[in-house]
Amino acid sequence: MTPLAILEDIESEFGQYFDPCPANWDRSFDGLEIEWGAVNFVNPPYSQIAEWAKKSEEEWAKGKTVIMLIPPRTCTRYFHDHIYGKAELRFFRGRLKFRDPSTGESMRTAPFPSMLCIWRGA
């Protein structure tokens, strides 16, 4: 679960956003299959980053803004196919402390760095 300070910063900069893959969703929709909002924040399951990066680029091509939080795996195919040269990249100094989904409290520091990929819509 995304640290609250990051969510607050995103809302402050971009306004209200839609989350197509919330952590505690009820499986009533598949964020990869639905139409997204005008501004979107995505913290995808890290085992499915390639699919979410592709969908993020597709939604951006429709004029939407997408902000995605992922580890900076710049050697991957999805990074070069869907992110690099298309999205603004913001790297975090240090490692994030994600929240525990059951308590909302901060957990240990993540074992990997993180970045924001920002596809700015029209």
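Select Phe41 first: at 2% relative accessibility, this residue counts as buried. (Buried means under 20% relative accessible area, exposed over 50%, and partly exposed in between, with a 1.4 Å probe and protein chains only.) Before moving on, note that this is a predicted model, where local features need pLDDT of at least 70 and side-chain atom pairs count only at pLDDT 80 or more, while totals for chains, interfaces and linings use all residues. Residues are numbered from 1 along each chain as its sequence is written, and side-chain values use heavy atoms, with hydrogens and water left out.

**Stop 1: the ring partner of Phe41**

Tyr17 and Phe41 make an edge-to-face aromatic pair, 5.9 Å centre to centre with 65° between the planes. For rings of Phe, Tyr and Trp (its six-membered ring), pairing needs centres within 6.5 Å; planes under 30 degrees apart are stacked, over 60 edge-to-face, and the rest tilted. Why does this pair tie together separate parts of the chain? Tyr17 lies in the loop between helix H1 (4-14) and S1, and Phe41 lies in strand S1, so the pair joins parts that are 24 residues apart in sequence. Helices (H or I, at least four residues) and strands (E, at least two) are DSSP runs, numbered from the N terminus. Tyr17, at 23% relative accessibility, counts as partly exposed.

**Stop 2: strand S1 and its crossover**

Colour residues 39-42, which are S1. Val39 and Phe41 point one way, Asn40 and Val42 the other, and all are buried. In a regular strand, side chains alternate between the two faces of the sheet.

Next, bring in S2 (residues 65-70), which pairs with S1 in the parallel sense over 4 bridges. Two strands pair if DSSP finds at least two bridges between them. Look for Val42, whose bridge partner in S2 is Met68. Follow the chain from S1 through helix H2 (residues 49-61) to S2, and you trace a right-handed β-α-β crossover. Right-handed here means that, with the strands pointing away from you, the path from the first strand over the helix to the second runs clockwise.

**Stop 3: along helix H2**

Show H2 as a cartoon. Its 13 residues reach 18 Å from the first C-alpha to the last, close to the 18 Å expected at 1.5 Å a residue; the expected span is 1.5 Å times one less than the number of residues.

Leaving aside residues up to four places away in sequence, Lys55 touches Gly31, Leu32, Ile34 and Trp36. Just after H2, click on Gly63, which takes a positive phi of about 95°.

**Stop 4: the whole sheet**

Zoom out to the strands. There are 4 of them in an open sheet, ordered S1-S2-S4-S3, with mixed pairing. S1 and S3 stand at the edges with a single partner strand each, so one side of each has no neighbour in the sheet.

Select S4 next. 5 of the 5 residues of S4 are buried, so this strand is largely enclosed by the rest of the structure. Met115, Cys117 and Trp119 point one way, with Leu116 and Ile118 pointing the other. S2 and S4 pair in the antiparallel sense over 5 bridges, and Leu69 stands opposite Leu116. In S4, Trp119 is the bridge partner of Val66. On to S3: 4 bridges join S3 to S4, and the two run antiparallel. Here Phe91 stands opposite Met115.

**Last stop: a ring cluster**

Which residues do ring pairs link into a cluster? Select Tyr46, Phe98 and Phe112. Both Phe98 and Phe112 are buried.

Notes. Contact means heavy atoms within 4.5 Å.
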